[in-house]
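This briefing concerns the charged pairs, the nonpolar core and the model confidence of the structure shown below.

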Amino acid sequence: WDWLATTSVDAPREIPEDAGDPTSDEEEVWSRRAAARRKQIQIGKSRPEYLCYISEVNKEDRLPTHPRTPSPTLRIPKRQFDRKLSKWRQQLHEFDQIPGTPRETSEHESQARESRDHPYPL
């Protein structure tokens, strides 16, 4: 219990003079976070599904239901941004083929369709 006698709860915490301004430190963190998010968005924009999307849908013809690129500068938690990014990427997959060409169906999709069309569950 000796440590209790030497520690004061009411004593002000000393901040070194060379310590940075807390707001500038926070700005630096958000700046780095935005840069990392821009990099993730650039990766998404280089994907074939995004290239098909921008070639199929003119900017002025886009609807609220179309994929919207998440803003890298929004001050939201990482997980929330990651969910927005994931939703955007998933929506882009609706445009990952050239119109008029048959889409290849994965084995998983084929099995899901067969089980859905089957009159009795397997």
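A salt bridge is counted here when a side-chain nitrogen of Lys or Arg lies within 4 Å of a carboxyl oxygen of Asp or Glu. The model is predicted, so that local features require a pLDDT of at least 70 and side-chain atom pairs count only at pLDDT 80 or more, while totals for chains, interfaces and linings use all residues. Residues are numbered from 1 along each chain as its sequence is written, and side-chain values use heavy atoms, with hydrogens and water left out. Across the whole structure, the search finds four salt bridges.

**Salt bridges around Arg-75**

- Arg-75 forms a salt bridge with Glu-26, and the closest N and O atoms are 4.0 Å apart.
- This pair links distant parts of the chain, 49 residues apart: Glu-26 belongs to helix H2 (residues 22–45), and Arg-75 to the loop between helix H3 (48–56) and helix H4 (78–92). Helices (H or I, at least four residues) and strands (E, at least two) are DSSP runs, numbered from the N terminus.
- Arg-75 also meets Glu-27 in a salt bridge, at 2.8 Å from N to O. Because Glu-27 lies in helix H2 and Arg-75 in the loop between H3 and H4, this pair ties together parts that are 48 residues apart in sequence.
- Relative accessible area is classed as buried under 20%, exposed over 50% and partly exposed in between (1.4 Å probe, protein chains only). Arg-75 counts as partly exposed at 44% relative accessibility, Glu-26 counts as partly exposed at 44%, and Glu-27 counts as partly exposed at 41%.

**Other charged residues**

- Side chains of opposite charge can pair when their charged atoms come close.
- Glu-49 and Arg-47 are joined by a salt bridge of 3.4 Å, N to O. Glu-49 is buried, with a relative accessible area of 3%, whereas Arg-47 is partly exposed at 34%.
- Arg-37 is buried yet has no salt bridge, and the nearest side chain of opposite charge, that of Asp-82, is 6.3 Å away.
- Leaving aside neighbours within four places in sequence, Arg-37 is in contact (heavy atoms within 4.5 Å) with Trp-30, Pro-72, Leu-74, Ile-76, Pro-77, Lys-78 and Phe-81.

**The loop between H3 and H4**

- Thr-73 has its place in the loop between H3 and H4 and is partly exposed, with a relative accessible area of 47%.
- Thr-73 and Arg-33 are 40 residues apart in sequence, yet 8.2 Å apart in space, C-alpha to C-alpha.
- Apart from neighbours within four places in sequence, the contacts of Thr-73 are Ala-34 and Arg-38.

**Nonpolar core and aromatic pairs**

- The largest nonpolar core has ten residues: Ile-41, Tyr-50, Tyr-53, Val-57, Ile-76, Phe-81, Leu-85, Trp-88, Leu-92 and Phe-95. Such a core is a set of buried Ala, Val, Leu, Ile, Met, Phe, Trp, Tyr and Cys residues joined through side-chain atoms within 4.5 Å.
- H4 gives the most to this core, with four residues.
- Phe-95 touches Glu-49, Cys-52, Tyr-53, Glu-56, Val-57, His-66 and Pro-67, not counting residues up to four places away in sequence.
- The structure holds three aromatic pairs; rings of Phe, Tyr and Trp (its six-membered ring) pair if their centres lie within 6.5 Å, and planes under 30 degrees apart count as stacked, over 60 as edge-to-face and the rest as tilted.
- The rings of Tyr-50 and Tyr-53 have centres 6.3 Å apart and planes at 55°, so this pair is tilted. Both residues lie in helix H3, three residues apart, about one turn of the helix, and both are buried.
- Ring pairs link Tyr-50, Tyr-53, Trp-88 and Phe-95 into a cluster.

**Model confidence**

- The average pLDDT (the predictor's confidence in each residue, from 0 to 100) of the protein chain is 77, and 61% of the residues score at least 70.
- Among the elements, H4 has the highest mean pLDDT (96) and helix H5 (residues 107–117) the lowest (47).
- Over residues 108–113 pLDDT stays under 50, and for these residues the model has four contacts beyond four places in sequence.
- Where pLDDT is low, the predicted coordinates should not be read in detail.

Terms used: Lys, Arg positive; Asp, Glu negative; His and termini not counted.
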